[in-house]
Amino acid sequence: MKIRLFKVFSFTAILIFAFNSFIQAQITSTTSSGRNDAKPEMAEQAEEKVRMLTNKVGASFKEGLLSLKEGRREVAREKFDKSVEEFLVSTL
């Protein structure tokens with residue numbers, strides 16, 4: 001019984017060592033060679049559109065929060081609705 005367990009554990013250790021060496025051989029550097037780090041122009045344009053939209057929507061939402069804190073519920077509702085509408089109407 002002890003010999004059989006010893007064989008199983010040693011076989012398992014050999015398998016783990018073998019698979020581990022294959023896995024480590026597959027790891028490459030995080031940067032691809034031959035590529036520059038510049039983003040494509042379309043990606044930059046898309047990021048700028050998202051940034052502009054979130055700034056616009058965020059401003060309306062913050063105005064709604066301020067109005068709600070001041071007790072002007074109707075104005076706050078309009079600002080919240082405006083922020084949601086701007087987001088839904090956007091082409092993103």
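User: Why is the pairing of aspartate 81 with arginine 77 called a salt bridge?

Analyst: A salt bridge is a side-chain nitrogen of Lys or Arg within 4 Å of a carboxyl oxygen of Asp or Glu. In this predicted model, the closest N and O atoms of aspartate 81 and arginine 77 are 3.0 Å apart, so the pair meets that rule. Residues are numbered from 1 along each chain as its sequence is written. Because the model is predicted, local features need pLDDT of at least 70 and side-chain atom pairs count only at pLDDT 80 or more, while totals for chains, interfaces and linings use all residues; side-chain values use heavy atoms, with hydrogens and water left out.

User: Where do aspartate 81 and arginine 77 lie?

Analyst: Both are in helix 3, 4 residues apart, about one turn of the helix. Helices are DSSP runs (H or I, at least four residues), and strands are runs of E (at least two), numbered from the N terminus. An α-helix has 3.6 residues a turn, so residues three or four places apart point the same way.

User: What makes Glu74, Arg77 and Asp81 a network?

Analyst: Salt bridges link them. Glutamate 74 also pairs with arginine 77, with the closest N and O atoms 2.5 Å apart. Those two lie 3 residues apart in helix 3.

User: Why is aspartate 81 called partly exposed?

Analyst: Buried means under 20% relative accessible area, exposed over 50%, and partly exposed in between (1.4 Å probe, protein chains only). Aspartate 81 has 39%, so it counts as partly exposed. Arginine 77, at 43%, is also partly exposed.

User: Why does glutamate 70 count as exposed?

Analyst: Its relative accessible area is 55%, so it passes the cut-off for exposed. Glutamate 70 forms a salt bridge with arginine 72 (2.9 Å, N to O). Arginine 72 has 42% relative accessibility and is therefore partly exposed.

User: How do you know that the length of helix 2 agrees with its residue count?

Analyst: The expected span is 1.5 Å times one less than the number of residues. Helix 2 (residues 41–69) has 29 residues, so it should span 42 Å; its end C-alpha atoms are 42 Å apart, which agrees.

User: Which residues of helix 2 are buried?

Analyst: They are Leu53, Val57, Ser60, Gly64 and Ser67. Helix 3 is part of what covers the buried residues of helix 2. Just after helix 2, glycine 71 has a positive phi of about 90 degrees.

User: How many helices and strands does the protein chain have?

Analyst: The chain has 3 helices and 0 strands. Its pattern along the sequence is α-α-α. Of its 92 residues, 10% are buried.

Methods. Contact means heavy atoms within 4.5 Å.
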